[in-house]
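Dear colleague,

Please find below the structure that I am handing over to you.

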Amino acid sequence: MNALSIIGIIAGGILGAWILEDAAGWLIGMLLGFLLGHTTRQGKKLSQLEQRLQEMELALFEEESEESAKAEGRSQREVEQESTTSVQSVFPVPEPIQAAPEKTEIKPLPSAPPSFDERIAAKVKAFFTEGNVVLRVGLLVLFFGVAFLLKYAAERNVISLEMRLLSVALGGMALLGFGWRQRAARPGFALLVQGGGIGIMYLTVFAAFKLYHLLPSPLTFALMLGLVATSTALALLQDSSPLALFGATGGFLAPVLLSDGSGSHIALFSYYALLNSGILAVSWFRAWRSLNLLGFIFTLGIGTAWGLHNYQPQHFATAEPFLILFFLMFNAIGVLFAFRQPPNLRGYVDGTLVFGTPVICFSLQAGMVKNMPHGLAVSALAMSLFYVGLASVLWNKGNERLRQGMRTLTEAFLALGVVFVTLAIPLALSGRWTAVTWAMEGAALVWVGLRQNRFLARSSGFLLQFGAGLFFLAGHRLDRGIALLNGQYLGSVIIALSAFFSSWQLYKADNLRRCEKWNHLPLFFWACLWWFCAGFNEIDRFLDFQVEKNLNLFFAALSCAVLSRLATKLNWKTAAWPSLGLPLFMVIMAINILVMDGRFLPALGWLAWPLAFALLHDSLRQGQGLLRERCLAINHILSFLLLTYIISKETSWEVSTFTGSKGVWDEIVWGIIPAGLLLLVHIRRLQAFWPLSDYAAIYQRQASAVLAALLWLWLLAGCFASPGNAAPLPFIPLLNPLEISQLLVMLSLGWWLLRHYSHYEASLVAVGAGTLFIWLNTVLARAVHHLAGVSFDFDIMLASRLYQTSLAILWALLSLAVMVLADRRQSRSTWFAGCVLIGATVLKLFLIDLARSGTVERIVSFISVGMLVIVISWFSPLPPKKEDAQ
């Protein structure tokens, strides 16, 4: 068992007995002490290995330096001096306390700086393993022994209280005087003795005042101030941070060891304020971080414990001044620590003090003002003003070199100011307006980050935009304000505008990193989502359902038009993208209207739809040159078809209303209006106006092709499904409204096909002939229906002998006309088509006669069909082949 383990067992046993006050405390403390000593010993071995590694690295470094020095003609001594200077300039070595001058040695290259836990463990290990270990252990045991003695004497009244305290105080003074006299001969020993004496005097004065009430408050504070001043002066005179640390530790431990839980917090915090004033005075002359952290941990740690267990609202007036005082003290200590660093490290930030102080103090403040209206918001705002003011003072203090040296600390305080003003906003305002403010702050950060070329500011502003929106949704509640002037809508609009602004700024920026090149797109989509959802929600909340649909349409069209205008003016192509979805949105709205009531013009539709098409027209025109032509072409086609449908639908409804839903008048509208618009886009005079001036081919070919296909389907549907009722007019074959409109549609389609697709003549003739054949058959069926009273039903009409006979005559006449035309044009293919038709006629009659007729009827049918074939062959013989004709 090594010395460290023995020391750990002794110290652990004493502490365990003190805390648990029984035999179990001894055992537990001894076990923990043994483990601590054993771990420390292992750590020491590891440190020795690391030191050996550093020495090897140093030797390699010196060897390289010697070689370079020889190459340049320099001496070995110059190389050693240069190596020493370079190492010490980067990693300055503190001068030993009261040490005699020694020969300059090259220090090993430092490794990575140890963590806070490692530094604390090293301090504890050094205390128990380096220097006069026996003296240190003795002082520690003596300190606890004095505490036990005071407690024992107080409980049993062995000697008078005054004499006990006086004797202890004299003992502490004796230790202090003895240590002071030994400062030159034995500096390490002297410092330890002085620290122990100061700690004992701290303990005595505090016990006389707090436990036994023997000293009045003014005298007690004067004595405490004297001890703080004495320990501070001794530490400064001897340049000994351990003395200051030891004396301060005794002072901070005194109320902890002697407290019975019934003392006054005013006395406790006043005492700690005096101790911290001593630390602040030391910070003015020395940068002793361990002493600063000691005061920070004890003061705020004990203060937090008291606040959790004993604070009551009536304590605010007495506790708040101390919290403010400690906050100011530790901020001042952090600034002084940065100022007192060596020139090459000036401005070094002690993160524990700089960031730990506001976090802990603000947390304590939150617990104290939680029941006060806007108390925490005012506190956050005050801390923000303090840190911004402090940053301003530091930045404007001294020359440029000093200002640049303090830049890190200044930026840290400025960041704290921004953080606390950001916290003040949600604490003072509702969650909704907090999110709105954050959105604007995010936009401002993006702008500032672009102006100052700061990646962190831009990234923070980018993320803050989305966080603000989510926070706004989390705090959502129904707002009953008036339309457009309520918090819900205005907040959403501000979030959208902030995102639009940020997206535009990022879009036009030329100093972005590669990872930021596309950041403007998520922000733009985020802005569109908030803008359109806010508008639709506001319309839904305050307007009737019928009006809502049309105003949604107008709002979307107006928004797309405005964004398209901005895209053109600002050369912001992304802003024109929403207009690409406007035609599709209009189609969806049209389907919704059809499903609900089937009308477009009621409930302000007569105004909304024309305006929507006008705004769509403007959006498409502004997007020309900014958007892809293929996308624009699709939108033009979709818009043209939607316009055709809406005009046809509303006209059909008006005609149906006018005629009382009698006849086919409302049906023929679906053929006449599309056919008319198909011809309208081909008028030469209209091609001087936009969009036909730039997109004539789109409207005359692609859009008209879709319209022509729909017209052909309408034509077939009318042939098979409509009986062609012309009421209130009488039915006249070929001169009734349905068949006239069908004939006009066929002529329009034929003209359009020959104009644009004449190179497909054979296919077009075949499709056209087939359509004409179907149309003539249905014309005959409608004539039989209206003139002979046969029901216009597919099965009934096929079973009608009259219709079948009329159909045979029609087919025969058609075949005769086709074959005569083939003879005149000398077209064998046309002649064969007529031949096929007459063959179908013969086959149809043959099958019907065999199925439904007797022997005489069959003979008559064969004779009539044979004569018809002879007549056809007489008037239209088979044209010769081209080579035979030549």
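With which residue does Glu538 form a salt bridge? Its partner is Arg541, and the closest N and O atoms of the two are 3.3 Å apart. Please note that the model is a predicted one.

Both Glu538 and Arg541 belong to helix 20, which covers residues 520-542. They are separated by 3 residues, or about one turn of the helix. The two partners may also be described by their accessibility. Glu538 has a relative accessible area of 5% and is therefore buried, given that buried means under 20%. Arg541, with a relative accessible area of 24%, is partly exposed.

I turn next to the chain as a whole. The protein chain has 886 residues, 43% of which are buried. Its secondary structure comprises 33 helices and 0 strands. Of the contacts in the chain with a separation of 6 or more, 71% are between residues 24 or more positions apart. The accessible surface of the chain amounts to about 47300 Å², and carbon and sulfur atoms account for 68% of that surface.

The count of salt bridges in the model comes to 6.

A salt bridge joins the side chains of Arg565 and Asp618, with an N to O distance of 2.8 Å. Arg565 is in helix 21 (residues 545-570) and Asp618 is in helix 23 (residues 605-623), so this pair ties together parts that lie 53 residues apart in sequence. As for accessibility, Arg565 is partly exposed at 45%, whereas Asp618 is buried, its relative accessible area being 19%.

Glu739 and Arg782 likewise meet through their side chains in a salt bridge, at 2.9 Å from N to O. Because Glu739 lies in helix 27 (residues 737-756) and Arg782 in helix 28 (residues 761-788), the pair ties together parts that are 43 residues apart in sequence. Both Glu739 and Arg782 are buried.

Finally, there is a network of salt bridges, which links Arg599, Glu650 and Glu654.

In summary, the chain is made up of 886 residues and contains 33 helices.

Yours sincerely

Note on methods
Residues are numbered from 1 along each chain as its sequence is written. This is a predicted model: local features need pLDDT of at least 70, side-chain atom pairs count only at pLDDT 80 or more; totals for chains, interfaces and linings use all residues. Side-chain values use heavy atoms; hydrogens and water are left out. Helices (H or I, at least four residues) and strands (E, at least two) are DSSP runs, numbered from the N terminus. Buried means under 20% relative accessible area, exposed over 50%, partly exposed in between (1.4 Å probe, protein chains only). Contact means heavy atoms within 4.5 Å. Accessible areas come from the Shrake-Rupley method with a 1.4 Å probe; for residues, only the protein chains shown count as cover. A salt bridge is a side-chain nitrogen of Lys or Arg within 4 Å of a carboxyl oxygen of Asp or Glu.
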